[in-house]
Amino acid sequence: MDNKTSDGSERLHRLLQAQASALDIEDLLDSLPASELLQAVFHLTQDEQRTLLALISAERAASIVEELPESHAANLIEHM
């Protein structure tokens, strides 16, 4: 993993841990290319992934879920 992806993952993790606003999280997601965004999501725990999906807009959450492998997306949604 390169430093830029690692940085995006770490920043997303820190925002979630700090209970940042949805706006702050959306701003970070907007700044990441799609491939980095997906990597950042995969580096979160499943609890953090569920928190992320609950905080962001429904449209953004749907877009992220569509990119996840089916089994992973189904598991996340099942436990929300």
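**Overall architecture**

The model is predicted. The protein contains six helices and zero strands, and its elements, read from the N terminus, follow the order α-α-α-α-α-α. Along the principal axes, the C-alpha atoms of the protein fill a box of roughly 30 × 25 × 20 Å. The radius of gyration is 12 Å, which agrees with the value near 12 Å that a compact globule of 80 residues would have.

Of the 80 residues, 38% are buried. The accessible surface of the protein amounts to about 4900 Å², and carbon and sulfur atoms account for 49% of that surface. When contacts between residues at least 6 apart in sequence are considered, 63% of them join residues at least 24 apart.

**Salt bridges**

The protein has five salt bridges, counted with a cut-off of 4 Å between a side-chain nitrogen of Lys or Arg and a carboxyl oxygen of Asp or Glu.

| Pair | N to O distance |
|---|---|
| Arg14 and Glu10 | 3.5 Å |
| Glu26 and Arg60 | 3.6 Å |
| Asp30 and Arg60 | 2.3 Å |

The side chains of Glu26 and Arg60 meet at 3.6 Å. This pair links distant parts of the chain, since Glu26 belongs to helix 2 (residues 22-31) and Arg60 to helix 5, 34 residues apart. Glu26 is buried, because its relative accessible area of 16% falls under the 20% limit.

The side chains of Asp30 and Arg60 form a salt bridge at 2.3 Å. Here too the pair links distant parts of the chain, with Asp30 in helix 2 and Arg60 in helix 5, 30 residues apart.

Arg14 is partly exposed, with a relative accessible area of 45%. Glu10 is also partly exposed, at 38%.

Ser57 is located in the loop between helix 4 (46-55) and helix 5 (58-67). A polar atom of the Ser57 side chain lies 3.1 Å from the backbone nitrogen of Arg60. Ser57 and Glu26 are 31 residues apart in sequence, while their C-alpha atoms are 8.3 Å apart in space. With a relative accessible area of 29%, Ser57 counts as partly exposed, because this value lies between the limits of 20% and 50%.

Which residue other than glycine has a positive phi, near 55°? That residue is Gln19, which is placed in the loop between helix 1 and helix 2. Gln19 is exposed, because its relative accessibility of 72% is over the 50% limit.

Note on methods:
Residues are numbered from 1 along each chain as its sequence is written. This is a predicted model: local features need pLDDT of at least 70, side-chain atom pairs count only at pLDDT 80 or more; totals for chains, interfaces and linings use all residues. Side-chain values use heavy atoms; hydrogens and water are left out. Helices (H or I, at least four residues) and strands (E, at least two) are DSSP runs, numbered from the N terminus. Buried means under 20% relative accessible area, exposed over 50%, partly exposed in between (1.4 Å probe, protein chains only). A polar contact is a pair of N or O atoms within 3.5 Å; within protein, one must be able to donate a hydrogen and the other to accept it, and residues adjacent in sequence count only if both atoms are side-chain atoms. The radius of gyration is taken over C-alpha atoms; the globule rule is 2.2 Å times the number of residues to the power 0.38. Contact means heavy atoms within 4.5 Å. Accessible areas come from the Shrake-Rupley method with a 1.4 Å probe; for residues, only the protein chains shown count as cover.
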